[in-house]
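Colleague: I'm new to this one. Can you walk me through the model?
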Amino acid sequence: MDPPFNEIYKNLLFKQITNTENNVPQIPFSFSVTAVVEEVELPVIDVSRLIGGAGKEREKCKEEIARASREWGFFQVINHGISMDVLEKMRQEQIRVFREPFDKKSKSERFSAGSYRWGTPSATCLRQLSWSEAFHVPMTDISDDKDFTTLSSTMEKFASESEALAYTLAEILAEKSGRKSNFFKEKCVRNTCYLRMNRYPPCPKPSEVYGLMPHTDSDFLTILYQDQVGGLQLIKDNKWIAVKPNPHALIINIGDLFQAWSNGMYKSVEHRVMTNPMVERFSTAYFLCPSYDAIIECSGDCPAYRNFSFREFRQQVQEDVKKLGYKVGLPRFTNHLY
Ligand SMILES: C=C1C[C@]23C[C@@]1(O)CC[C@H]2[C@@]12CC[C@H](O)[C@@](C)(C(=O)O1)[C@H]2[C@@H]3C(=O)O
Ligand SMILES: O=C(O)CCC(=O)C(=O)O
Ligand SMILES: [Fe+2]
């Protein structure tokens, strides 16, 4: 059922890079040996206060959301309203679909073409490898599914509930940055938002290969439901830190579009996933995106980014990934006028 990582990555995994000057074999890529990564708990925010809380509590909750988005770009929400039942079913169904034979997954017509992805086909060096597989499914594929299997009905529930939470958080962040608050309801559409089911199989060389290479997300915000294995890391104060899993929480992270739209107030933070030699890991992510035509207009008197459409951004990311093996992202859209 695993993708053929060993076979396809063979040359990159076992190639010894030699130093041409003194002909000394070098270890190609080693992060775990040199870097000790501290495990931390992300800020935990009880979002039930947004509905049940008194006015003061509601305001405090909004402020905590905005603050974590400015200072961490990442936080956890508890009492988020997505039932344990939906989360557990989502995980069961996800495990079931990944257990299918590799051939069946890669040829699957369950979702639109290209939804099943594995590894990094564009990788040119160890640093660019990802030891994972994913179903990257547009929301419209889920809601338009006429057969309505247990998988798609579970995904639909998970996605609709995540969507509601994502809109609530996005509107709060807009309000807290002093911008028009119904922007997301107007600009975000189901055909560009998507659900990504990730699986990280055990990896025989965990110190040399990422589960998912370092990246920032190309959306407004992401809602992540992860299991208890651990492996997600992010940059805080110029250091990689490991996220301590919390069984009651969903993880929220700010994406590139929010960073641009808020003129850098909210941070789209680089994150990565490490592999584990023994256990597989699962996560499911919901990505809140605008329509391809939506213009991301950077706010403020001194906008750090030029205006760009989501279409332009996606195309540039895809082009870079294809040509360079990695995403460049926002640095391509900085404003040269200032
Ligand atoms: C090879 C890559 C594809 C990806 C950008 C990256 O350099 C590394 C991570 C990938 C990812 C994961 C989250 C999102 O689905 C995504 C759109 C993103 O921003 O980073 C994808 C990128 C992609 O599929 O283009
Ligand atoms: O699996 C995780 O913890 C993170 C996944 C992720 O970053 C992504 O899908 O963009
Ligand atoms: Fe991500």
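Colleague: What is the mean pLDDT of the chain?
Modeller: The mean is 90, and 92% of the residues reach 70 or more. pLDDT is the predictor's confidence in each residue, from 0 to 100. This is a predicted model, so to speak of local features we need pLDDT of at least 70, side-chain atom pairs count only at pLDDT 80 or more, and totals for chains, interfaces and linings use all residues. Residues are numbered from 1 along each chain as its sequence is written, chains are lettered from A and ligands numbered from 1 in the order in which they are written, and side-chain values use heavy atoms, with hydrogens and water left out.

Colleague: Where does pLDDT stay under 50?
Modeller: Over residues 16-20. The model has ten contacts for that stretch beyond four places in sequence. Contact means heavy atoms within 4.5 Å.

Colleague: And what ipTM does the predictor give?
Modeller: The complex gets an ipTM of 0.94, with a pTM of 0.93.

Colleague: On to the inside. How many residues has the largest nonpolar core?
Modeller: It has 82 residues. A nonpolar core is a set of buried Ala, Val, Leu, Ile, Met, Phe, Trp, Tyr and Cys residues joined through side-chain atoms within 4.5 Å. Buried means under 20% relative accessible area, exposed over 50%, partly exposed in between (1.4 Å probe, protein chains only).

Colleague: Which helix gives the most to this core?
Modeller: Helix H6, residues 150-176, with twelve residues. Helices (H or I, at least four residues) and strands (E, at least two) are DSSP runs, numbered from the N terminus. Among the residues with the most contacts inside the core are Met155, Phe184 and Phe258.

Colleague: What is Phe184 in contact with?
Modeller: Leaving aside neighbours within four places in sequence, its contacts include Tyr167, Ala170, Phe220, Phe258, Trp261 and Leu288. Apart from this core lies another, of ten residues, including Leu12 and Trp131.

Colleague: Why do such side chains end up together?
Modeller: In soluble globular proteins, nonpolar side chains tend to be buried together.

Colleague: Now the sheets. What order do the five strands take?
Modeller: E3-E12-E11-E14-E9, in an open sheet with mixed pairing. Two strands pair if DSSP finds at least two bridges between them.

Colleague: Why do E3 and E9 have a side without a neighbour?
Modeller: E3 (38-40) and E9 (210-215) stand at the edges, each with a single partner strand, so one side of each is left without a neighbour in the sheet. The twist averages 35° from one strand to the next. Axes for such angles are lines fitted to C-alpha atoms, for helices over the stretch in contact, and angles run from 0 to 180 degrees between N-to-C directions.

Colleague: Do E3 and E12 run parallel or antiparallel?
Modeller: Parallel, joined by three bridges. Glu38 stands opposite Ile241 in E12, and Val40 stands opposite Val243.

Colleague: How many bridges pair E11 with E12?
Modeller: Four, in the antiparallel sense. Leu234 has Ile241 of E12 as its bridge partner. The hairpin of these strands has two residues between them, and Asp237 takes a positive phi near 50° there.

Colleague: Which strands are at the edges of the eight-strand sheet?
Modeller: E4 (44-46) and E6 (116-118), each pairing on one side only. The order is E4-E5-E13-E10-E15-E8-E7-E6, and the pairing is mixed.

Colleague: What packs on that sheet?
Modeller: Helix H2, residues 55-71, touches E4, E5 and E13. The direction of H2 makes about 155° with that of E4. Helix H3, residues 84-98, packs on the sheet too, touching strands that include E6, E10 and E15. The direction of H3 makes about 115° with that of E15.

Colleague: Take Ser283. Buried or exposed?
Modeller: At 2% relative accessibility, Ser283 counts as buried. Its place is in strand E15. Its contacts beyond four places in sequence include Arg91, Gln94, Asn198 and Tyr225.

Colleague: And where is Val328 found?
Modeller: In the segment after helix H9 (310-324). Val328 counts as partly exposed, at 26% relative accessibility. Its C-alpha atom is 8.5 Å from that of Gln316, twelve residues apart along the chain.

Colleague: Last one. What does UniProt list for residues 191-290?
Modeller: An unreviewed entry gives "domain: Fe2OG dioxygenase". UniProt positions are given in the numbering used here, feature names are shortened, and annotations may be inferred rather than shown by experiment. In the model, that span is 6% helix and 46% strand, and its end C-alpha atoms lie 9 Å apart.
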